[in-house]
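Colleague: I have a new model open and would like to learn how to read it. Can we go through it feature by feature?

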Amino acid sequence: MEAKKEVTLPIEGMTCAACATRIEKGLKRVDGVEDANVNFAIEKSTIHYNPEQTSVADFEKKIEQLGYHVQHEKQTFDVEGMTCAACANRIEKRLNKMDGVTEANVNFALENVAVEYNENQVTSQDMMEVVKKLGYALKPQVSKEETSNRKEEEIRHQTGKFIFSAILTLPLLWTMVTHFSFTSFIYSPDMLMNPWVQLALATPVQFIAGKQFYIGAYKALRNKSANMDVLVALGTSVAYLYSIFLGIEWQIQGAAGMPELYFEAAAVIITLVLLGKLFEVRAKGRTGQAIKKLLDMQAKTARVIRDGEELEIAIEEVAVGDQVIVRPGEKIPVDGAIVKGKSAVDESMITGESIPIDKNIGDTAIGSTINKNGMLTIEATKIGKDTALAQIVKVVEEAQGSKADIQRVADRVSGIFVPVVVSIAIVTFLVWYFLVAPGDLRAALVPAITVLVIACPCALGLATPTSVMAGSGRAAELGVLFKGGEYLENTRMIETIVLDKTGTVTKGEPALTDVVPQGDITKEELLKMAASAEKHSEHPLAEAIVKGAEEEHIDLIETTDFESVPGAGIQVTWEGEPLYIGTRKLMKQQNIEIGSIEEKMTELEAAGKTAMLIGYRGALAGMVAVADTVKETSKEAIERLHEQNLEVILLTGDNERTAQAIAKEVGVDRVIAEVLPGQKADEIKRLQQEGKKVAMVGDGINDAPALAIADIGMAIGTGTDVAIEAADVTLMRGDLHSVADSIELSAKTMRNIKQNLFFAFAYNSASIPVAAIGLLAPWVAGAAMACSSVSVVLNALRLQRLKLKREA
């Protein structure tokens with residue numbers, strides 16, 4: 001009898017009953033599906049199938065092919081009890097085998113696991129039970145403050161354990177040091193040489209301080225696997241038990257002389273491993289500093305008006321629509337719109353712009369930025385997890401919890417490393433016992449113990465995640481948000497940068513650049529005429545003219561009979577006479593001669609400007625020109641990209657002449673102009689077909705298809721509605737220097753990861769043979785193993801102080 005199963009999948013993207021019918025038909029065509037029902041109202045599909053013929057993964061793939069999406073829950077859990085990368089690897093493998101779990105990523109450095117799953121198939125309780133059976137504890141993540149307190153408690157616990165172990169180990173270490181000929185002048189009490197005194201000192205270290213290694217080893221072996229705890233427990237137990245055997249032998253033989261014991265080797269190894277763990281846990285705490293810094297930027301309270309009263313409440317109690325009062329010098333608590341007051345706001349922590357931004361009624365305020373000099377009343381539009389800062393923190397956390405491809409390789413290696421090492425230790429023992437020193441148990445045990453101790457894969461497990469955490473955290477401080485570890489890894493491989501023009505290379509806001517009067521009319525009079533006529537228009541070019549007049553402190557007058565002439569311009573009545581502003585076509589329609597200004601107009605257009613002619617009383621009054629001006633940083637940033645050996649392409653919907661003018665000004669290599677928004681993705685594909693790794697840099701909204709298809713999509717934004725979902729990398733600071741920064745950060749982080757992996761691999765590869773041929777004492781192996789983990793973490797932490805070329 002064939003087994004039958006049933007699964008319910010939540011589906012996103014359905015817009016009508018026809019969608020549901022389409023999905024239902026598609027699922028029924030999958031081999032092994034007996035029946036499929038899609039409920040449009042509750043947006044779920046129930047499928048009856050034969051698990052021997054098909055699987056849930058097949059259904060998800062089919063639904064994606066049909067243009068819809070299976071919704072998954074995402075949750076991050078803290079993991080307790082992991083001691084090395086092998087533990088992380090085992091938990092990850094087991095969770096990924098569970099029905100309903102799409103993906104599970106265990107981060108050994110962060111001591112957590114991010115799980116994507118279907119809640120109709122598996123629950124968080126199921127996952128907790130599975131992990132509990134492996135010998136670990138899975139706990140839903142708590143607040144950052146509680147996590148921080150837990151870390152501090154762990155540091156205190158590890159410190160106490162190390163001190164206890166060190167006090168008892170010190171006398172044993174003293175006896176060991178006096179064994180060397182060059183230290184014979186150091187006095188050592190005979191009492192400390194007594195095997196039973198050494199046993200009394202070593203036993204609490206072995207079984208109280210070292211208890212965690214036995215527990216970890218038992219859990220691992222019970223689940224038919226091995227980890228670092230197995231190596232430490234096995235190595236030190238052999239040394240400890242063999243020393244007891246030698247002590248008994250010494251007693252039987254009349255207690256003469258001093259037996260060669262290994263109590264001190266076992267105790268020193270445990271103490272040094274505990275010291276390494278202490279350094280490790282302290283260093284791990286430091287890798288999360290980037291998120292802590294971001295969270296520290298948040299205001300803790302807000303001053304709101306409720307029932308006519310001004311109340312100070314906790315930030316968590318603010319509701320959308322609340323009127324929030326912000327005094328000079330205070331942090332703006334939430335994202336919102338200014339409804340009263342004006343001020344300058346320091347937005348440098350979000351945008352990197354050091355000069356405070358003038359804010360008036362109607363402008364947007366970003367939470368956690370600083371109000372400099374005026375009182376503001378802000379209507380809250382985004383609170384809690386929806387604020388710009390919360391979104392930044394979320395992206396950084398997800399990036400730190402994700403895995404780079406290179407880490408997956410390291411995980412696979414560390415997963416098989418411990419059994420291999422145990423095998424090498426056994427072979428070492430047999431070679432020494434039967435070939436090198438036949439029948440000499442003592443001579444055979446020492447190198448075997450040393451191999452077990454020195455080969456712990458902690459450094460290998462920490463090599464990548466600590467670098468990803470430190471690198472992505474530093475990137476966030478510099479305004480570059482990598483959506484995941486794989487983007488942090490792959491950005492450095494980009495060969496071609498494609499830049500959208502408007503809002504990326506240019507400011508995206510047209511500005512008045514030229515006022516060219518004709519005849520007896522002055523510049524001031526011409527600008528007054530143009531701005532007075534345009535002030536009723538909502539066109540961006542009209543707004544630029546009006547803003548230009550305001551900056552010149554020109555008083556505008558009221559005009560009448562405003563009328564838009566489609567595709568040509570506008571006409572109004574000015575002092576009883578018709579006034580026209582627009583194109584050559586509009587002037588020609590009104591029989592206004594423009595020959596005297598034609599050459600100047602062509603010159604302005606060649607410079608990428610939009611020129612508008614002004615006709616009054618049947619004659620040409622002059623011309624104004626507006627342009628989307630280039631950002632001050634664009635030219636210098638593109639020079640940096642060229643220094644990184646990158647090809648830079650300008651991709652725009654503008655006409656060829658305007659695009660070439662901008663390209664010439666900033667120094668790009670190629671121009672692709674007059675491209676419709678829907679065709680941008682095709683242009684990216686064409687470049688990829690040439691064999692190039694392409695990054696697309698755009699505003700993340702109308703460039704979304706191109707951003708999605710590029711090898712790396714970069715959304716350039718200024719904080720509030722940043723298109724985090726559209727891109728792989730979000731550039732918060734709104735200038736092209738961030739593009740160069742992201743590539744530099746990626747390259748330096750990957751270099752750091754490779755250094756760490758080299759340290760870890762080289763250390764283990766070189767030290768195991770040295771230990772196997774008997775050139776290392778067990779306690780030296782313990783010290784070396786602790787140092788290797790600490791050195792890897794400290795090397796990763798250098799990224800937190802990373803200086804980029806433009807900062808140097």
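**Reading strands, helices and salt bridges**

Modeller: Strand E12 (residues 335-340) and E15 pair in the antiparallel sense, over 2 bridges. Two strands count as paired if DSSP finds at least two bridges between them. Strands (E, at least two residues) and helices (H or I, at least four) are DSSP runs, numbered from the N terminus. This is a predicted model: local features need pLDDT of at least 70, side-chain atom pairs count only at pLDDT 80 or more, and totals for chains, interfaces and linings use all residues. Residues are numbered from 1 along each chain as its sequence is written, and side-chain values use heavy atoms, with hydrogens and water left out.

Colleague: In E15, which residue is the bridge partner of Gly336?

Modeller: Ala365. In general, strands of a sheet pair through backbone hydrogen bonds, either parallel or antiparallel. Here an open sheet of 6 strands runs in the order E10-E9-E11-E17-E12-E15, with antiparallel pairing. Its edge strands are E10 (309-314) and E15 (364-365), each pairing on one side only.

Colleague: How many salt bridges does the count come to?

Modeller: The rule is a side-chain nitrogen of Lys or Arg within 4 Å of a carboxyl oxygen of Asp or Glu. That gives 25 salt bridges. Take Lys635 and Glu639, which meet at 3.3 Å, N to O. They sit 4 residues apart in helix H23 (residues 634-643), so about one helical turn separates them.

Colleague: What does Arg640 form a salt bridge with?

Modeller: Glu744, with the closest N and O atoms 3.0 Å apart. Arg640 lies in H23 and Glu744 in helix H27 (residues 737-772), so the pair ties together parts 104 residues apart in sequence. Arg640 is buried at 8% relative accessibility. Glu744 is buried at 7%. Elsewhere, salt bridges that share partners join Arg303, Glu310, Arg327 and Glu330 into one network.

Colleague: What span should H27 have?

Modeller: The expected span of a helix is 1.5 Å times one less than its number of residues. For the 36 residues of H27 that is 52 Å, and its end C-alpha atoms are 52 Å apart, which agrees. Just after H27, Gly774 takes a positive phi of about 85°.

Note on methods:
Buried means under 20% relative accessible area, exposed over 50%, partly exposed in between (1.4 Å probe, protein chains only).
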